[in-house]
Amino acid sequence: MAQLKILVVDDEPGIRSGVSRILGNFHVTYPFMDEDYTFNIMEAATGEEGIEIIDREMPDILLLDNKLPGIQGVEVLEYVRKKNYDIVVAMITSYASIDVAVKAHNDGAIDFIPKPFTPQELKSSIEQITKQQYLRRITHKLKVEGRKVRFQFLSVLSHELKAPLNAIEGYLRMMQERQMGDSLDEYASAIERSLQRIESMRNLIMDLLDFTKVNFERQMEKMQNVNLKELVSMAVVTVSPYAIHKEIHFETSVNGCETIWADPNDFEIILNNLVSNAVKYNKPGGTVTVSVDCSENEFTIRVADTGIGMNSEERDMLFEEFSRIRNDKTRNISGSGLGLSIVKKVVDLYHGVINVESSPDRGSAFSVIIPRSQVSNLKTGI
Amino acid sequence: MNKIYTVLLADDDPDYLFQVAFYLRKAGFEVMAVESQAEAEQVIAKMKPDIAVFDLMMESDDSGFILCYKIKRKYPEVPVVLATAVSRETGITFGLSGGQDREWIRADLYLEKGVRPEQLELELRKLLKI
């Protein structure tokens, strides 16, 4: 038996005791679950008290009345979101129809329970929430295997692909309707922006192709001796048109290893992404240093730039799919937000780690460290 | 229209922001265009727009909801339009005609992104009763 903690925040004592009574001996089973779930109910009469219990007890599920005597339910929700707590929040509302509202529930964030509710309504809501919470945690665990990624693709990808299409369509309509006058010169920035959006869309598609190349499974037949020196030069050559334009200078060194046993695609992805980022987020006239060092036990690929850098908050979200750091400095840099998450996945495949050192306005350095034993294990298929 | 109405417009897609601002200005509105929830909050703190149009997903997935809530708390009478492209992709739909969503999502109107500019202008005028 696994137990989930439920916190009920409602100023009506009747609601609180009702929830406790109904859920006290309720349990949820689900074909994919290893074990049944039961519930431990906690109660709070105000939002303030609720927050205190949330911080202390970290419930799994929060049943939240919106109308509270002090701070409102929505403020408690905002607090939970801000703290990034892994809590499913269901709003208890005094309206009967919840169909539409339940749909608003995105990724386990919000559910709605009508008030007054029958025991059966409460139970079925809790059952849904429990299943979702379970699936959410499982998919989180399976992230490395890429299942979550596929799910996210459906929702986020279409957004990422449609946003540039909408923008380009909008500009084309402006031109078609001569909104800015008859002279083509008036549309220079609209054309420029359209081209930029096309470019970023192309990059996204390229990254997606990379993504499909990473199968999250090692394919033994693709493993071969890979010359890292060649891959480093290739990565530099690939990005050089852009680098020349920004007057970026490269320093490269490969020490102590001629070849490694790997899928060349994987290391192409790692190097191309890190090197192109180092150029993209660099300052004009900056330097990109790429070094590969091999010791007996591991090898390290390090790519450092002298660019805009980032703060620790930005660093934390770096490897998430579609996360892009948005600030004034990156406003005009296009990117899919996929590159580093792909790199991370590839590095994971080799049981490696990726580290980032960075300081704002001074630059960033990414180090990929891969154990050599792992590489030889892969080689023999152990 | 004698009075010039001010629209607070928040959207993190700079092109969408530019295009909508362009049309609204052409239609005679004064437009405060901002690219983030944070900037929108700064504007709300300093001034009262006549109407607001918020994108749903900016810094966080629910930026638009939070902005709706905050602006309504400060200026309950200011109409708010929530615009997003999210629903068609994910199947998530909101309806503000039913009471239950209106209670929670404090917008006066929910619009799919990609509505024609004339349509948006019309909706704003309806909400402003002009």
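Which residues of α3(B) are buried? In this predicted model, local features need pLDDT of at least 70 and side-chain atom pairs count only at pLDDT 80 or more, whereas totals for chains, interfaces and linings use all residues. Residues are numbered from 1 along each chain as its sequence is written, and chains are lettered from A and ligands numbered from 1 in the order in which they are written.

The buried set of α3(B) consists of B:Ser63, B:Gly64, B:Phe65, B:Ile66, B:Leu67, B:Cys68, B:Tyr69 and B:Ile71, a residue being buried if 20 or more other C-beta atoms, placed from the backbone, lie within 10 Å of its own. These residues pack against α3 (73-82) of chain A and, within chain B, against β1 (6-10), α2 (37-46), β3 (51-55) and β4 (80-84). Helix α3 of chain B comprises 12 residues, 63-74, and spans 17 Å from its first C-alpha to its last, close to the 16 Å expected at 1.5 Å times one less than its number of residues.

Chain B contains 6 helices and 5 strands, taken as DSSP runs (H or I, at least four residues; E, at least two) numbered from the N terminus. Their order along the sequence is β-α-β-α-β-α-β-α-α-β-α. Of its 130 residues, 45% count as buried. Among the contacts in chain B with a separation of 6 or more, 62% involve residues 24 or more positions apart; a contact requires C-beta atoms, placed from the backbone, to lie within 7 Å.

Key: Buried ≥ 20, exposed ≤ 12 C-beta atoms within 10 Å, placed from the backbone. Contact = placed C-beta atoms within 7 Å.
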